[in-house]
Amino acid sequence: MKIRNKIVIQGQVQGVGCRPYIYRLAYRLGLTGSVLNDSRGVVIEVQGTDSHVSDFVKILELGKSNPDWPPLMKIASMRSRQNPEIPGERAFAIRKSPAPGEKTSHVTADSATCPECLAEMNDPNDFRYRYPFINCTNCGPRYTIVETIPYDRCNTTMADFTMCEKCSAQYTDPKDRRFHAQPVACPDCGPNIWLADPNGKRIETNSDKAIAKTAEMLKQGKILAIKGLGGFHLAVDAKNETAVQALRQRKQRDNKPFALMAASIEKINKYVEVTEPASALLTSPQSPIVLLTKRNNTAIAPSVAQGLNTLGFMICYTPLHHLLFAEGGIDILVMTSANLSDEPLICDNDEALDKLSGIADAFLMHNRDIRRQTDDSIVHVVAGAQALIRRSRGFTPGPVLRGKPIKKQIFAAGADMKNTFCLAKGNQFILSEHIGDLEDSRVYRHYTESIKHLRSLFDIKPEIFVSDLHPSYISTQYAQSLAGAETIQVQHHWAHVASVLAEYDYSEKVIGLVADGTGLGTDGAIWGCECLIASLAEFTRFGHMRYFPLPGGDAASKDAIRPVLGLMSTLSQDYANIIEAIEPDTARVEMILTQIEKKINTVQTSSMGRLFDAVAAILGLGIRNQFEAQLPMTLESAIQPGIEDAYIVRITEKGRTFQLDYRIMLKELLEDKVSGVTTGIMSAKFHNWAVAAMIGFAIKARKIHAIKTVALSGGVFCNNYLANRTIQQLKNSGFFVLFKRRVPANDGGIALGQAAIAAEMCK
Ligand SMILES: [Zn+2]
Ligand SMILES: [Zn+2]
Ligand SMILES: [Zn+2]
């Protein structure tokens, strides 16, 4: 007696080797039937004995714990029902997707080279021995090479390379690891590399020699532009201070930390502490930059990350990286995104030669075009698990899934800083890769082009457009310019909280604690340290930090004397000596004070980000944010470990909201400064104050609203100390904590929150 089951699986199941896996599994268990991709996911029909069919289902349920499970495949949901037996069925087949109707999308994220491909690349008997573009269904480029859908070779930048017989045989064999791996290639039929001088003249066209020469130049302290998966990197020897400084000078990148690359965890371990979860992230298919705590006295050039106690490391993630690092003498390289100041990452050969000829001494290039520039993603470890800071290569366009289907198609414009945008359809929120700061006109062009590209890739025709509340945000204006559509404006910090709820697909009310830079509030003030009672349907402002005047609008986020003077203007005592130590230019100080007094270009704010800037300046750690969050990052790095003391937290009821009064903290801090307490202790006490303030809000909110779940969000939660300690103490106080893992806590997550709120509104 045979039974037949129809099983529909959803999640990351297309373009990841799911169908060949199902085929092999069915074959092993002697089942007949079929597997195909459709718009819902993967549809499987299996027929066989009761016990074999139930074994099949159990194996799928086990997921990743199966030894031969495709590494990129993730099942989010699985539905199974019994169908009538088809008598006489003899085989199991991979069927074609049902043609017209709704276009399906198989586009997944790019993935680091897998161990099998690496082994083949290092095997002298393999026909892809030392081939810099080896890949398979489990690894290699995806999103970065797709021109349009469906995801077939002819719609990728591999279209011009005609597969040779050997590659083609693997591509068409369902039992092969390269079955339907669109970028499959070999030295005979695929892309190749060469080394060029800054004029574009090819110095070396032999693959092995080009790699050897690149390594040689790096050892000599030269700067190389190296084309990767999502764009170009600029590379130098990370232990050569002169070379790193030369790169800084030529790139005019003041102090922003450089990312580093090494071949293995063992190599990294000498320079930074690699915890178990960090190690898993470094070697994951996503292969992000992981922020790790520096060890003392490392040989890494100080200019790599001046003033910070962390280094951002990634492991080689393309075959070319592996070949380069296998050359003797290459240990740790700076691998920083090749772009000019805040412009988009460079991914085109001609553009690289044009823009980087004054920076790079030579160019290691190839002829596999990059269609989508995607920066390296950045993560850190919070409470033992991944938390994204920049979501791009390896993660995009992986969707965030929603339990209930979204009734209308949505476009959410995001925020202006660290922009990402979000599209929503079916049960998916598709968040774009990191776009950047829209102020730069080239980034803005990149933004509008990316929206068009992603819309076509996922066949989305938005019916609802969502933006921030801020009328002068470029993203708001863009959303509004798309005529003929409903537009919804969402308050910035509600969107921050909503993005947490979307990530967890959580629909109840929560206590939303937001520690952020700035966002326009519903009262016209600039909010930034907020306690909201929020769901995806509504929010109320339960509490916030007491407002202080912030002179100078946008300039205030770079120039810390502005929040310092704004904050100090609310104290009864004056601290002239401290102000003079921070800014000796008394005329400038006078001018800003007048600005505050006369309320010229001065806003009221509860910004936690600006408070962090001001405290860093008071502690003598600097006065300017040369790159975003430089001062808060330096302040965090200064913390003396093991200090439990905190400045006094006072939260008082005012009208219908609760206010966190920073003034007592500030006075204590200034007195500590006057009496010569160390920077490390003051920084710890300040951070502990911020944590205690968050807990204080949560406890008050729980008492009044009887809610036990807290959602944390906002850019200040990229502060590792603050995030870890707040989560720990909330848990100790009996709260259930939702913390962002797969989407950044900073403004890179705003678009997801906006889209989730709009999705909730669609009835
Ligand atoms: Zn592979
Ligand atoms: Zn070939
Ligand atoms: Zn924000």
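Pro-397 sits in the loop between strand 16 (385-390) and strand 17 (400-401). Strands here are DSSP runs of E with at least two residues, helices are runs of H or I with at least four, and both are numbered from the N terminus. A cis peptide bond joins Thr-396 to Pro-397, with omega about 5°.

This is a predicted model, in which local features need pLDDT of at least 70, side-chain atom pairs count only at pLDDT 80 or more, and totals for chains, interfaces and linings use all residues. Residues are numbered from 1 along each chain as its sequence is written, chains are lettered from A and ligands numbered from 1 in the order written, and side-chain values use heavy atoms, with hydrogens and water left out.

Donors are N, O and S atoms within 2.8 Å of the metal (3.2 Å for Na, K and Ca); water is not among the atoms, so sites may look incomplete.

| Zinc ion | Donor residues | Distance | Spacing |
|---|---|---|---|
| ligand 1 | Cys-114, Cys-117, Cys-136, Cys-139 (SG) | 2.3 to 2.4 Å | C-x2-C-x18-C-x2-C |
| ligand 3 | His-492, His-496 (NE2); Asp-516, Asp-747 (OD) | 2.1 to 2.8 Å | H-x3-H-x19-D-x230-D |

Cys-117 lies in helix 3 (residues 115-121) and Cys-136 in the loop between helix 3 and helix 4 (165-171); the pair links distant parts of the chain, 19 residues apart. Ideal angles for four tetrahedral donors are 109.5 degrees.

Buried means under 20% relative accessible area, exposed over 50%, and partly exposed in between (1.4 Å probe, protein chains only). Cys-117 is buried at 0%. Cys-136 is buried at 0%, and Cys-139 is buried at 0%. Cys-347 also counts as buried, at 9%. The disulfide count is zero, a disulfide being a pair of cysteine sulfur atoms within 2.5 Å.

His-492 lies in helix 13 (residues 492-504) and Asp-516 in strand 23 (residues 510-520), so the pair ties together parts 24 residues apart in sequence. Both His-492 and Asp-516 are buried.

**Backbone points**

Asp-505 lies in the loop between helix 13 and strand 23. Asp-505 is not a glycine, yet its phi is positive, about 50°. Its relative accessibility is 40%, so Asp-505 is partly exposed. Arg-130 also has a positive phi, about 55°, without being a glycine. Arg-130 is placed in the loop between helix 3 and helix 4.
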